[in-house]
Amino acid sequence: MNVLFLALGAGRRRAVVEESAKVVANGGAATVVIAMAKQWKNETFAPGVTVLDSSLLHQGELLWRIERLMVYRGPEFVLKRAFGRRGGSAVRAYRNKVADRFHKRAFLPVHKRLRKDVSSKLLAHHINRAPRPYEWIVVTDTRSMPEAVDVLDELGPDNRIGLAWSAEHLS
Amino acid sequence: MTVAPGDRHVTVVTPWYPTQMFPFRGAFVRTMVEATAPGCDSITVIHGDRWSSRVSDAEDAAIVEAHLKLLPRSKRTSPTFGGATLNYLPVPMPVGGDFAYVAKRHAATLNAAFAGKPIDAAVVHVHEALPSGWAVLDNLRPETKLFVTEHASFLETLLDEPEAREMYDKVLERCEHLFVVGDGTRDVLLKALPRHAAKVSLVANPINFGLPRAEPVTELRRWFYAGSLIPRKGVTWLLEAFAKCHAEHPELTLTIVGDGELGDQLHARVEELGLQTAVTFLGSVDPEIALQLMREHDLLVHASRWESFGVTIVEAVAAGMPVLVTRCGGPEETLAGIEEAAGELVAVEEDDTALVEGYRRLRARFPHGLDLAKAQRVLDERYGYPAVAKMHHEAWFE
């Protein structure tokens, strides 16, 4: 059984952690889609559970690639050339102290606001391209409900993926 | 399916039922289902589970619209205890809202799930008149018998709200009978709605007495608490009392099962007291595990300020464990006549003195001053599965 947990609101974290663990323990596969990693920092997912930050689904987009070029690859190239043998540590320091912080604190929030309309398309794309087909979407909180409707619309009327509110009810 | 007259099909509607999110919540509903199922043709449990979130009005509107779209295509049923079927319905709810509002949201979800069709059952038994009783009113056939069990520890606050009281009155008007799990709850209810006195009577939460412990308790060393970590449960006084008793008897340990708003404070206090090796926090666990833990501990200590029934106390006796509990409403009723046989009841006080002195008295007269076998026998007759099932079946079908 391959289950996609939609947990964008992080409203029922304990249920998500426990249920995804049970799916994996029973020989299935569980992917938990979250919106903000920091909301889950106190939770520990069972080994084998895949946690997918929904923002990562956007990585192939132009906006995301521009950010990669402008904030990561460009400056890092310059630093390597400028610092020579000490370029490696300069790049690591820059990445930790500047690029990652910018990415998390500035780019991601703005990106989420600007590209909200395409998240359901990307999620549907992720579901369609999964190497092991998903059999169930489990909607785990209220904020995931509108997203679930959009994803199911994107998947179209012929998709056979099931919908549930808890993995405890799956057979 | 259409239920023929005389068939014993029962639908139980409840806002509480154990889930992975809240393993303890509604464990008494599950035991009621487990106890009564053998005498029924079928039982369906409808669990309207409140999913709260802090959202704006616009977000809430979008959530409600999405919820209604998703309901018809969602898989909601699964097998549950006693051969019953569980029908799980999340009820989206913005944080806040009074009791009447919450009941209306439950009703909207149930109406959407049943799409205007009545509940297919000869008997509908709801736990909590509000929200569950109110939620089913539009989904009953005229001939369906409605019963209510009221457990709410917040009943007085609920009945203080004029609209909620009016809704409660309508539920009582429609139902055959309302069961309460303690005199305290009955008094609160009849003070607000006295005209329904004839419909209100006592019923017990069923307890499973069929799970004996491997070895009897031989010393009162391993203390045990199971419940929410909230102020009403008096768990801070319990910890203080344990610290004092531990100072006198360093071999004592305390296991705390449950979560709640006081969790961090209790952890900090344990460190402050240097009791890290003596006190274990297990968080919430499945009810079966909690019962197993009871069979592995020596003494249940509960310091609640108020309980309508106090299931845990009876469960502890069923697990062969003495109890040290406060006279907080439920326990003095459930343990009436067997207080000394079962353990020690102490006054509700805003300090740890009564608990500490209670433990000293209990320890002084253990084991010969107790009679756990007698306590178990008496409680089995009162609250065992057969007794409670018989009472329900008589009310439902005769």
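## The second largest pocket

In this predicted model, α1 of chain A and, from chain B, β4 (77-79), β5 (85-94) and α10 (287-294) each supply at least two residues of the lining of the second largest pocket. Helices (H or I, at least four residues) and strands (E, at least two) are DSSP runs, numbered from the N terminus. A pocket is an open set of points, on a 1 Å grid over the protein atoms alone, where a 1.4 Å probe fits, with protein on both sides within 12 Å along at least five of seven lines, and lining residues have an atom within 4 Å of a point.

The second largest pocket holds about 390 Å³ of space, a volume being the space filled by probe spheres set on the points, which are joined across faces, edges and corners. Its lining comprises 22 residues, and those nearest its centre are A:Glu168, B:Pro18, B:Gln20, B:Arg30 and B:Phe81. Sorted by class, the lining of this pocket has eight nonpolar, seven polar and seven charged residues, where Ala, Val, Leu, Ile, Met, Phe, Trp, Tyr, Cys and Pro count as nonpolar, Asp, Glu, Lys and Arg as charged, and the others, Gly among them, as polar.

## Backbone features

Most residues other than glycine have a negative phi, and most peptide bonds are trans. In chain B, the bond from B:Leu130 to B:Pro131 is cis, with omega near 15°, and B:Pro131 belongs to helix α4 (residues 129-136) of that chain. Another cis peptide bond, with omega about 5°, joins B:Phe366 and B:Pro367; B:Pro367 sits in the loop between α14 (353-365) and α15 (372-383) of chain B.

Although A:Ala10 is not a glycine, its phi is positive, at about 55°; this residue is in the loop between β1 (2-7) and α1 (13-25) of chain A, and A:Ala10 is buried, with a relative accessible area of 4%. B:Ala115, also not a glycine, has a positive phi of about 45° and lies in the loop between α3 (99-114) and β6 (123-127) of chain B, where B:Ala115 is exposed, with a relative accessible area of 62%. Buried means under 20% relative accessible area and exposed over 50%, with partly exposed in between (1.4 Å probe, protein chains only).

## Confidence and conventions

The mean pLDDT (the predictor's confidence in each residue, from 0 to 100) of chain A is 90, and 96% of its residues reach 70 or more.

Residues are numbered from 1 along each chain as its sequence is written, while chains are lettered from A and ligands numbered from 1 in the order in which they are written. Local features need pLDDT of at least 70, side-chain atom pairs count only at pLDDT 80 or more, and totals for chains, interfaces and linings use all residues, while side-chain values use heavy atoms, with hydrogens and water left out.
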